[in-house]
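This report goes through one protein model by topic. The sequence and structure come next.

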Amino acid sequence: MQNVLPSWAQKYNIEETALVDSAASLTLLMKNAPSAEAATQEANKTITIPNGTNMQTNKTLQLLLSKLPPAARRGFRLNKIMHNLVAVSELCDSGCEVRFNDEEVLITHNKEIISKGWRDKSTRLWRIPIVEKQQLTKEIIPKEQYANAAVQVSSIKVQVTSERY
């Protein structure tokens with residue numbers, strides 16, 4: 001067995017979460033991200049990534065987050081990205097407010113919290129689940145449960161047991 005400090009990256013399925021991205025103009029989803037195919041398919045979008053390479057979306061999708069306004073659920077499949085990205089611009093243009101602090105991100109609509117995420121300790125960026133919490137396949141453990149603790153890890157399989165995410 002190996003001594004490993006707990007990491008946010010070990011506590012969630014990356015395909016079921018997204019970075020909340022204030023620099024993105026579109027919500028972009030990885031190849032295997034949970035989503036529904038949109039009834040109306042829009043033209044493919046050309047995305048220029050930071051190194052200057054162009055990539056093409058290949059499908060219009062809908063996020064599986066029922067509390068988001070319909071316009072905020074729109075996303076596009078971009079097969080070769082490493083993280084799902086939810087565009088703050090799409091959320092705000094749909095009437096949502098997005099608030100960041102040093103530990104979490106809150107997304108509200110009509111003064112109701114509709115999504116709550118956390119700051120990923122390995123990237124220092126904010127993440128939210130992109131599936132309803134009862135559908136998560138791995139628990140997202142609050143940092144208070146393991147702050148400053150080392151654990152012995154050989155093999156872990158985690159089921160959802162917490163309502164907090």
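## Glu132 and its surroundings

The side chain of E132 reaches the backbone nitrogen of S66 at 2.5 Å, a polar contact (a pair of N or O atoms within 3.5 Å; within protein, one must be able to donate a hydrogen and the other to accept it, and residues adjacent in sequence count only if both atoms are side-chain atoms). E132 lies in the loop between β13 (126–129) and β14 (151–153); helices (H or I, at least four residues) and strands (E, at least two) are DSSP runs, numbered from the N terminus. Leaving aside neighbours within four places in sequence, E132 is in contact (heavy atoms within 4.5 Å) with L64, L65, S66 and K67.

E132 is buried yet has no salt bridge, and the nearest side chain of opposite charge, K67, is 6.6 Å away. Buried means under 20% relative accessible area, exposed over 50%, and partly exposed in between (1.4 Å probe, protein chains only). A salt bridge is a side-chain nitrogen of Lys or Arg within 4 Å of a carboxyl oxygen of Asp or Glu; for charge, Lys and Arg count as positive and Asp and Glu as negative, while His and the chain ends are not counted.

## Basis of the model

This is a predicted model, in which local features need pLDDT of at least 70 and side-chain atom pairs count only at pLDDT 80 or more, while totals for chains, interfaces and linings use all residues. Residues are numbered from 1 along each chain as its sequence is written, and side-chain values use heavy atoms, with hydrogens and water left out.

## Overall make-up

The protein chain has 1 helix and 14 strands. Of its 165 residues, 42% are buried. Among contacts with a separation of 6 or more, 56% are between residues 24 or more positions apart.

## Salt bridges

The structure holds 8 salt bridges. One of them joins the side chains of E37 and K59 (3.3 Å, N to O). This pair links distant parts of the chain, with E37 in strand β4 (residues 36–37) and K59 in strand β7, 22 residues apart. E37 is exposed at 52% relative accessibility, and K59 is partly exposed at 30%.

R74 and E90 also meet through their side chains, at 2.7 Å, N to O. R74 is in strand β8 (residues 74–77) and E90 in helix α1 (residues 88–93), 16 residues apart. R74 is partly exposed at 23%, whereas E90 is buried at 10%. A further salt bridge joins K116 and E104 (3.6 Å, N to O), connecting strand β12 with strand β11 across 12 residues. Salt bridges that share partners join E42, K45, R74 and E90 into one network.

Strands pair if DSSP finds at least two bridges between them. β11 (residues 104–109) and β12 (residues 112–119) pair in the antiparallel sense over 6 bridges, with L106 opposite K116. Their hairpin has 2 residues between the strands, and N110 there takes a positive phi near 50°.

β12 also pairs with β13, antiparallel over 2 bridges, and W118 stands opposite R127. This hairpin has 6 residues between the strands, and R124 takes a positive phi near 65°.

## Cysteines

The structure holds 0 disulfides, a disulfide being a pair of cysteine sulfur atoms within 2.5 Å. The sulfur of C96 is 7.4 Å from the closest cysteine sulfur, in C92, too far for a bond. C92 is partly exposed at 38% relative accessibility, whereas C96 is buried at 5%.
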